[in-house]
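User: I would like to go through the labels used for this structure and see what each one rests on. Please set the values against the definitions.

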Amino acid sequence: MPPSIVLADATAKLAEYEGAGGYAALAKARAMTGEAVTEELIASELRGRGGAFFPAGRKWSFVPSKDQLPKPHYLVVNADESEPGSFKDNEILARVPHRFIEGCLITAHAIDSQHVFIYIRGEYSGPYEILVSALEELKTRPEIRGDVTIVVHRGAGAYICGEETALLESLEGKRGQPRSKPPFPAVSGLYASPTVVNNVETIATVAPIIAMGGAEYAKLGVPNTRGTRVVSISGNVVNGGNYEIEPGMSIRDIVYELGGGIPDGRGLKAVVPGGSSTVILTSDEIDVGYDFDSLAQVRTSMGSAGIVVLDDRCCIVQLGIRWSEFYEHESCGKCTPCREGTRWLTAILRKLEDGRATQGDLDLLLDVCDRINGKCLCPLGDSDAIIIASYVAKFRAEFQAHIDLGACPLGGESSLDGVLSPIQMHTRSRVAEVAG
Amino acid sequence: MSALWDRIQDERAKYPADAGSAVLPALRLAQDEHGWLSPDVIREVADALEETPAYVKSIASFYDQFQLAPVGEHLVEVCTNVSCAVVGAQQVVDAFESELGCRAGETSADGKVTLRTVECLGGCGWATIVSVDHHYRIHVKADNVAAIVEELRAT
């Protein structure tokens, strides 16, 4: 049985959560100094679950003391989960809201903060309502809340706001466009004050770590990827859903044991290991451990742990189009290489898919990838460039076939054929037709 | 002053003075009340926030959920990102277009339902996800669409 730490004892009710030992870790943490709580997190080797994988305890330790910098400290929780393929935070918030809130309060204690903002994506009405109900329950229990105010701030539909500095801009009431770093949020974040930004799953892991002790938590998993990880499985798989696993389990086992394999007797074509922005794995590359180091050896990553399974009906050029359209739609427009480059990638891929591309277009595609990658404030454009380059590298014969045949080799039978993306919806509107 | 104005002041009070953070909450309240963000509504929000209408509109136009043109009484949003698409999201979109007699991005002739495709809604393992008036329906198939449309037309 895989360990269940984050998703264990699912309940949205305060009484049931306390009955199962809930909020005991908060009392334990408040009997410790903030520095001691941070030390436990460092000992746990917990790394950020949003995708960047930064050691959580170290991030907390970067917050200057109020003696050094006399400003309020803020905890901002990133619940703007929008990475295609990831839906773990959705379920964590809905199933264990009090474990999440307890994590917020422990973290606030550790970083000496009295102000918590939970930035939840606007589309998550269900989890939002559950979270608000859980916070309502705490109104009768001032000793739990202590001197901390928790504000739930709803986004309004923008993938870029998952990037921490764009999130802070959005939380300040502005367009969600990334900031230049440094300064880093730990020193100058929300309202130019010291701020810790953590992902929902990271925060939901804090109370169990304090309860069991950091060293005990660090016994789970493998070196560099300790504890548990909630993975989201989706796509062409029998049992899509979220599963809490011990890192190191192979992707093959995740897809076939937990996910139940591929439906309809189809073959596996590829697996996207950590959400849309991660380098793709072919069907013969999945005997790899689901952990940081193992995936780094095959030049990809866990990202936000969204595993997307693709069967043999998926045209890889269409996959590139769909996700390039996504990045084009979600580019905030601040940096030229991303704003223009994502549009170019979509256009060249579309040319390939339609059978209008020449050999030079394939070279141009990779050239555009190079002109985006590493040249922007945030990784949004990089993600598009990196994944498209990985599709070409691993499925070059399929790209070549589009040029040689002058058509899609799947001949209209691809699982992604004719999909209407939002960006196409906008550009085919009557206004666009008239202007057209 | 209007009830909306009061509720926007309540939102502002959740943030430090002069923080400006209440723009998104205020726009959401206004849209919930009026259905969409017309120039008049943008002005009302701007006045309540002590901002300019131009500034408020610049924020509203950045975010996908804010409607700057009239919409129907109900909003149907179908995710067509990859995890939903590979298990039949486009067939769901086609079924809605057929049932409603309008294309994605448009509103049915009776003004009841606006249909849109949207980017990943964060429910990939329960595809296809359709957000109906901001609440998710999961495992939606083309076969389920007629019943959803009937339900919306009845309310």
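User: What makes residues of helix 6 of chain B count as buried, and which are they?

Analyst: In helix 6 of chain B, the buried residues are B:Ala89, B:Gln90, B:Val92, B:Val93, B:Ala95, B:Phe96, B:Glu99 and B:Leu100. A residue is called buried if 20 or more other C-beta atoms lie within 10 Å of its own, exposed if 12 or fewer do, and partly exposed in between, with C-beta atoms placed from the backbone. Strand 1 (74–79), helix 5, strand 2, strand 3 (130–132) and helix 7 of chain B are among the elements that cover these buried residues. Helices (H or I, at least four residues) and strands (E, at least two) are DSSP runs, numbered from the N terminus.

User: What is the origin of the model and its numbering?

Analyst: This is a predicted model, in which local features need pLDDT of at least 70, side-chain atom pairs count only at pLDDT 80 or more, and totals for chains, interfaces and linings use all residues. Residues are numbered from 1 along each chain as its sequence is written, and chains are lettered from A and ligands numbered from 1 in the order in which they are written.

User: How do you know what span to expect for helix 6 of chain B?

Analyst: The expected span is 1.5 Å times one less than the number of residues. Helix 6 of chain B has twelve residues, and its 16 Å from first C-alpha to last is close to the 16 Å expected. After this helix comes B:Gly101, with a positive phi near 70 degrees.

User: Why is helix 6 of chain B called oblique to helix 7 of chain B?

Analyst: Helix 6 (residues 89–100) and helix 7 (residues 145–153) of chain B pack at about 45 degrees, with axes 9 Å apart. The axes are lines fitted to C-alpha atoms, for helices over the stretch in contact, and angles run from 0 to 180 degrees between N-to-C directions. Angles under 35 degrees count as roughly parallel, over 145 as roughly antiparallel, 65 to 115 as roughly perpendicular and the rest as oblique. That angle therefore makes helix 6 of chain B oblique to helix 7 of chain B.

User: Which residues make that contact, and how do they divide by class?

Analyst: Helix 6 of chain B contributes B:Val92, B:Ala95, B:Phe96, B:Glu99 and B:Leu100, and helix 7 of chain B contributes B:Val145, B:Ala146 and B:Val149. Contact means C-beta atoms, placed from the backbone, within 7 Å. The contact residues are seven nonpolar, no polar and one charged. Ala, Val, Leu, Ile, Met, Phe, Trp, Tyr, Cys and Pro count as nonpolar, Asp, Glu, Lys and Arg as charged, and the others, Gly among them, as polar.

User: What makes helix 15 of chain A and helix 17 of chain A roughly parallel?

Analyst: The axes of helix 15 (residues 336–353) and helix 17 (residues 380–394) of chain A come within 9 Å and cross at roughly 30 degrees. The two helices are therefore roughly parallel to each other. By class, their contact has six nonpolar, three polar and one charged residues.

User: Why is A:Asp264 called exposed?

Analyst: A:Asp264 has 8 other C-beta atoms within 10 Å, so A:Asp264 is exposed. This residue has a positive phi of about 60 degrees although it is not a glycine. A:Asp264 lies in the loop between helix 12 (251–258) and strand 9 (268–272) of chain A.

User: Why does A:Arg299 count as exposed?

Analyst: A:Arg299 has 12 C-beta neighbours inside 10 Å and therefore counts as exposed.

Conventions:
Two residues are in contact if their C-beta atoms, placed from the backbone, lie within 7 Å.
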